[in-house]
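Dear colleague,

Please find below the structure that I am handing over to you. My findings come after it.

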Number of protein chains: 2
Amino acid sequence: VESETQPPGCKDAVPLHKLTPRGRRTRERIIEHAAKIFNQRGFEGGALSELLKATGLGKGGIYRHFSGKEELAEEAFRFAWKRAMARRNAGLEECATGEERLRKMIGNFIHGTLLTVPGGCVMMNTTIDADDTNPHLLALVRLAFQEWQSAIEKTIVAGQQSGEFGGEHDPSVFARRIIGSLEGAMLITRIEGNRAALHEVQEPLNALVSSLVVRKSARREI
Amino acid sequence: VESETQPPGCKDAVPLHKLTPRGRRTRERIIEHAAKIFNQRGFEGGALSELLKATGLGKGGIYRHFSGKEELAEEAFRFAWKRAMARRNAGLEECATGEERLRKMIGNFIHGTLLTVPGGCVMMNTTIDADDTNPHLLALVRLAFQEWQSAIEKTIVAGQQSGEFGGEHDPSVFARRIIGSLEGAMLITRIEGNRAALHEVQEPLNALVSSLVVRKSARREI
């Protein structure tokens, strides 16, 4: 998706509210394909030719919907992240305790991320792609990271309030340790081309979660 | 550095052994600048124009030395990785114990990586850049990862042989946990734009290292 090859007039993309239902579906289809291409090839490497092939559309058909490559990349990131978060939070409503909930989040990442959007974790990929070059896209990644961190933090805070978890742990630092360990294992998985590193990290992270729990004997002492 | 814009005849790059000392210095200068550009902008985003500006050379002056963008990217990665490893292993010869050595490696990464080559950890960046698109470059990253993992593993094995560390720990899994935690923290540091996540991970990783050590009381029991 090279901005140099955008047709003139692309700044006049049709606004979302003026699209027909069919136009909206086309727009969504473009975003879904763009998400796969950007997550594998990056913002600079994602080629318009590939997107045209994947969608069966012409250049005009793509840029009717987006003001340029930047807007398309942002929409693609939003799409991929929404899908990633849905998978990372799947089944949480069935968890009875905070400990179960955190373990579920960890397991969801380990077993689900590579099935979400091809190319690995969209947060990691977009960070590396954008951190030195695209502050606007990096700002979106930062919001995404904060959303994920906050989901973990809230679970810890709720557990602390209910007495399940000890109050001495910093929920924010704890959330970052979990996310950092998962993302680091994902990186090694991408390097090695197998999931060993991801699977290895599950047991130590579960143990870390268990270390939050106030054990019954300790609770009695209070 | 767009391969499309390479001048014809670039496949006949001057072999290294035929370069004059001045030619070698020029080659090294190109590689050093290319490493900075690729580590910040990626393989696809790194522009020839930027490299020309940084080196003050013309296209012919660059491609006299490299068969194409691929070779330049590989040499740039090797250069950046060598520099990264030198920093990660700095001062190890002064460490008296395996525990000190591992702590030093961890501290070196936390405090030194962002000073090595602009753009963050070259291993992470090149993985994300190459994993879906450039198997040859990814193979180089895999060797680099193995070199780092092996440096940590050897320290653990030596500690196990000397009796400093317990024999129940898998050196390979342990090395991957350390590397994963460091890289994940580096990712969060890139997202947040500050070093908090990197600094936060030092104490838990030091504690993890200490958990390897056979305490004197335990040793006496054996």
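This is a predicted model: local features need pLDDT of at least 70, side-chain atom pairs count only at pLDDT 80 or more; totals for chains, interfaces and linings use all residues.

Residues are numbered from 1 along each chain as its sequence is written, chains are lettered from A and ligands numbered from 1 in the order in which they are written, and side-chain values use heavy atoms, with hydrogens and water left out.

Chain A

Chain A contains 10 helices and 0 strands, where helices (H or I, at least four residues) and strands (E, at least two) are DSSP runs numbered from the N terminus. Along the sequence its pattern reads α-α-α-α-α-α-α-α-α-α. Taken along the principal axes, the box filled by the C-alpha atoms of chain A is roughly 75 × 40 × 30 Å. Of the 222 residues in chain A, 53% are buried; buried means under 20% relative accessible area, exposed over 50%, and partly exposed in between (1.4 Å probe, protein chains only). Among the contacts in chain A with a separation of 6 or more, 71% are between residues 24 or more positions apart, a contact being heavy atoms within 4.5 Å.

The interface

Chain A and chain B each bring 37 residues to their contact. About 3200 Å² is buried between them, and carbon and sulfur atoms give 61% of that area. Buried area here is the accessible area (1.4 Å probe) that two parts lose on being put together, summed over both. On the side of chain B, Ile128(B), Arg176(B) and Ile191(B) supply 21% of the area that this chain buries against chain A, more than any other three residues.

Thr127(B) belongs to helix α6 of chain B and is buried, with a relative accessible area of 0%. Leaving aside residues up to four places away in sequence, Thr127(B) touches Leu187(A), Arg190(A) and Ile191(A), as well as Leu138(B) and Val141(B).

Cavities and a pocket

Both kinds of space were found on a 1 Å grid over the protein atoms alone: a cavity is a set of points where a 1.4 Å probe fits but cannot get out, a pocket is an open set with protein on both sides within 12 Å along at least five of seven lines, and lining residues have an atom within 4 Å of a point. Grid points are joined across faces, edges and corners, and a volume is the space filled by probe spheres set on the points.

How many cavities of 30 Å³ or more does the structure hold? There are 4. The largest cavity has a volume of about 310 Å³. Its lining numbers 30 residues, and those nearest its centre are Phe38(A), Gly42(A), Phe43(A), Asn125(A) and Asp129(A). Two or more lining residues come from each of α1 (21-45), α4 (69-88) and α6 (122-130) of chain A, and from α1 and α6 (122-130) of chain B. α1(A) gives the most, with 9 residues. By class, this lining has 13 nonpolar, 11 polar and 6 charged residues; Ala, Val, Leu, Ile, Met, Phe, Trp, Tyr, Cys and Pro count as nonpolar, Asp, Glu, Lys and Arg as charged, and the others, Gly among them, as polar.

The second largest cavity, of about 140 Å³, is lined by 14 residues, with Phe38(B), Asn39(B), Phe77(B), Thr126(B) and Asp129(B) nearest its centre. The largest share of this lining, 5 residues, comes from α1(B).

The second largest pocket holds about 480 Å³ of space. Among its 27 lining residues, Arg177(A), Ser181(A), Pro204(A), Arg177(B) and Ser181(B) are the closest to its centre. α9(A) gives the most to this lining, with 8 residues, and the classes divide into 16 nonpolar, 4 polar and 7 charged.

Helix α2 of chain B

In α2(B), residues 48-55, the buried residues include Leu48(B), Leu51(B) and Thr55(B). They lie on the same side of α2(B) because they cover an arc of only 60° around the axis, the arc being that of the directions from the helix axis to the C-beta atoms. Ser49(B) and Lys53(B), on the other side, are exposed. The cover over the buried residues includes α1 (21-45), α3 (59-63) and α4 (69-88) of chain B. After α2(B) comes Gly56(B), with a positive phi near 75°.

With kind regards
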